[in-house]
Amino acid sequence: MDGQQLMTRAAATTAKVVGAIEPSQLTAPTPCAEYDVRSLVNHLLFWGPSLEAAARKEARMPPAAAESEIDLTSGDWTSDLAGQLRRTADAWSDPAAWDGVTPLGGQDSPAPLIGGMVLVEFVVHGWDLARATGQQTGYDDDVLAYVHNETLGHAPFGREMGLYGPEVPVSPDAPLLDRTLGLTGRDPNWTRT
């Protein structure tokens, strides 16, 4: 199954996790070591408009100068983030989004690379938020297979760029999500302390 066919399903699962986050959980640590729940939500809100625009081959600056400047104290940030996830998925659901190159972060990159990255972000950060807030994710097998394959292909590059931590060894017969998480430097057995 192609990435564009999986976007909406992955985004809906992540949005469900986001919708169940309680305000009291914003300071909880996540498996993504440099982020607590609040800063991971900020990260997704910060980059979401740029990733959405990239599907249309448009350059768009993030909505603030830094991720930390995203304000979660006003408005309904869970609805804002769920809406952004949906808009990003809708944009990447267009097959044309996956053709050619697209601008992101001040440079042109292959559109399939960016689209794959978006799917990986939905799943891995969705899992980060779910684990941090005591939830289950429930991504379907097609989404997990696609994300695992994408992660296998760009994990070394992700580590070089500092996007992923050192690989966490995971048994080759572990669930697909666990193997994907290990590739991104996450311990699939991470628990809140």
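**Salt bridges and overall build of a predicted chain**

Student: Which residues are linked with Glu52 and Arg56 in a network of salt bridges?

Tutor: Happy to start there, keeping in mind that this is a predicted model. Side chains of opposite charge can pair when their charged atoms come close. In this network of salt bridges, Glu52 and Arg56 are linked with Glu58 and Arg87.

Student: How many salt bridges does a search of the whole structure find?

Tutor: Good follow-up! Searching the whole structure for salt bridges gives 7.

Student: Arg186 forms a salt bridge with Asp128; how many residues apart are they?

Tutor: The closest N and O atoms of Arg186 and Asp128 are 2.8 Å apart. Arg186 sits in the segment after helix H6 (176–183), while Asp128 belongs to helix H4 (residues 111–132). The pair therefore links distant parts of the chain, its members being separated by 58 residues.

Student: Is Arg186 buried or exposed, and what is the relative accessible area of Asp128?

Tutor: Buried means under 20% relative accessible area. Arg186 has 6% relative accessibility, so Arg186 counts as buried. Asp128 is buried too, and its relative accessible area is 0%.

Student: Which helices hold Arg9 and Asp142?

Tutor: The side chains of Arg9 and Asp142 meet in a salt bridge, at 3.4 Å from N to O. This pair links distant parts of the chain, 133 residues apart. Arg9 is partly exposed at 31% relative accessibility, and Asp142 is partly exposed at 39%. Arg9 lies in helix H1 (residues 3–19) and Asp142 in helix H5 (residues 141–160).

Student: What is the relative accessibility of Glu167?

Tutor: Glu167 meets Arg159 in a salt bridge of 3.8 Å, N to O. Arg159 counts as partly exposed, at 26% relative accessibility. Glu167 also counts as partly exposed, and its value is 47%.

Student: Stepping back, in what order do the elements of the chain run?

Tutor: The chain has 6 helices and 2 strands. From the N terminus on, their order is α-α-α-β-β-α-α-α.

Student: Why is the chain as compact as a globular protein of that length?

Tutor: The globule rule gives 16 Å for 193 residues, and the chain comes close to this, so it is as compact as a globular protein of that length. Of these residues, 51% count as buried. Among contacts with a separation of 6 or more, 67% come from residues 24 or more positions apart. The value behind the comparison is the radius of gyration of the chain, 16 Å.

Note on methods. Residues are numbered from 1 along each chain as its sequence is written. This is a predicted model: local features need pLDDT of at least 70, side-chain atom pairs count only at pLDDT 80 or more; totals for chains, interfaces and linings use all residues. Side-chain values use heavy atoms; hydrogens and water are left out. Helices (H or I, at least four residues) and strands (E, at least two) are DSSP runs, numbered from the N terminus. The radius of gyration is taken over C-alpha atoms; the globule rule is 2.2 Å times the number of residues to the power 0.38. Buried means under 20% relative accessible area, exposed over 50%, partly exposed in between (1.4 Å probe, protein chains only). Contact means heavy atoms within 4.5 Å. A salt bridge is a side-chain nitrogen of Lys or Arg within 4 Å of a carboxyl oxygen of Asp or Glu.
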